Amino acid sequence: MANVYLITGASSDVGTALIQRILQEGDTVIAQGSGDLAQLAPLCKAHPGQIHTYDVDLTDGQALDLFLKDVQANFPTPTHLVHLPALRMINTKFKKFDEERFELDLSVQVRSAIRICKTFLPAMAKSKRGRVLFMLTSYQIGVPPKNATAYVMVKSMLGGFARSLAIEYAQYGITVNCVAPSMMETKFLADTSDLIVQAAAEANPMGRNAQVSDVVPAMAFLLSDEAGFITGAVLPITGGSVIP
């Protein structure tokens, strides 16, 4: 049976790699990005007619609503929801907590997830089939790092939302899971000091940071039919740096 994937943050390094791994003939991908859809151009060329891109600012509630209405009007109900977007983490002490930026990240990660799930989960429940996947962080497991208050708070809210959905929608054959990578070397780290990135790699038992190629296979599994009895899980992908 063909799948319909709605992927937010699809133009990220993880998003593009995930699409490349999971997309099969007949599947449809509805891919949201924000100002960076050129990253998806090679995939669109390789899979003509299967990937439909939308440039949507998730901090703009009106733009998000228009996007969701357009998806409802032009595509079948998604079978898979994958939510990846986040503002880049900025390492800063709490005394410099940026409340305005925190609110923006809440909109990007949490508020948009709520609106997307509220739009599509009831219809997915009627079809008795579905997968939902969120991107969290290993910072939620065990002791969080210093100077990451805003990022940890937003991811914690997203994790709580995922666990609640998992319980409510399990009876309908819908699974809701999360992956929680340790520091992953992508363009997301553009605002993170090289010294911090290097220190994280040296502290990891495997002697390196996570790569996209470490994370995407786990995501693909949780989105697969084989993972039908796994829900409410937060899968650490950490190389042993964090063990629940």
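The dialogue below turns to salt bridges and then to a cavity and a pocket.

Author: This is a predicted model, in which local features need pLDDT of at least 70 and side-chain atom pairs count only at pLDDT 80 or more, while totals for chains, interfaces and linings use all residues. Residues are numbered from 1 along each chain as its sequence is written, and side-chain values use heavy atoms, with hydrogens and water left out.

Reader: How many salt bridges does a search of the whole structure find?

Author: A salt bridge is a side-chain nitrogen of Lys or Arg within 4 Å of a carboxyl oxygen of Asp or Glu, and the search finds 3 of them. In one, R115 pairs with D65, the closest N and O atoms being 2.7 Å apart. R115 lies in helix α4 (residues 99-127) and D65 in helix α3 (residues 61-74), so the pair ties together parts that are 50 residues apart in sequence; helices here are DSSP runs of H or I with at least four residues, strands are E runs of at least two, and both are numbered from the N terminus.

Reader: Which residues form the other bridges, and at what N to O distances?

Author: R111 meets E103 at 2.7 Å, N to O, and D214 meets R208 with the closest N and O atoms 2.8 Å apart.

Reader: What lines the largest cavity?

Author: On a 1 Å grid over the protein atoms alone, a cavity is a set of points where a 1.4 Å probe fits but cannot get out, whereas a pocket is an open set with protein on both sides within 12 Å along at least five of seven lines; lining residues have an atom within 4 Å of a point. Grid points are joined across faces, edges and corners, and a volume is the space filled by probe spheres set on the points. The largest cavity holds about 60 Å³, and its lining includes L6, L81, C117 and F134. Two or more lining residues come from each of β1 (4-8), β4 (80-83), α4 and β5 (130-135).

Reader: What is the volume of the second largest pocket?

Author: That pocket has a volume of about 380 Å³, and among its 19 lining residues S138, Y139, P145, M183 and A200 lie nearest its centre.
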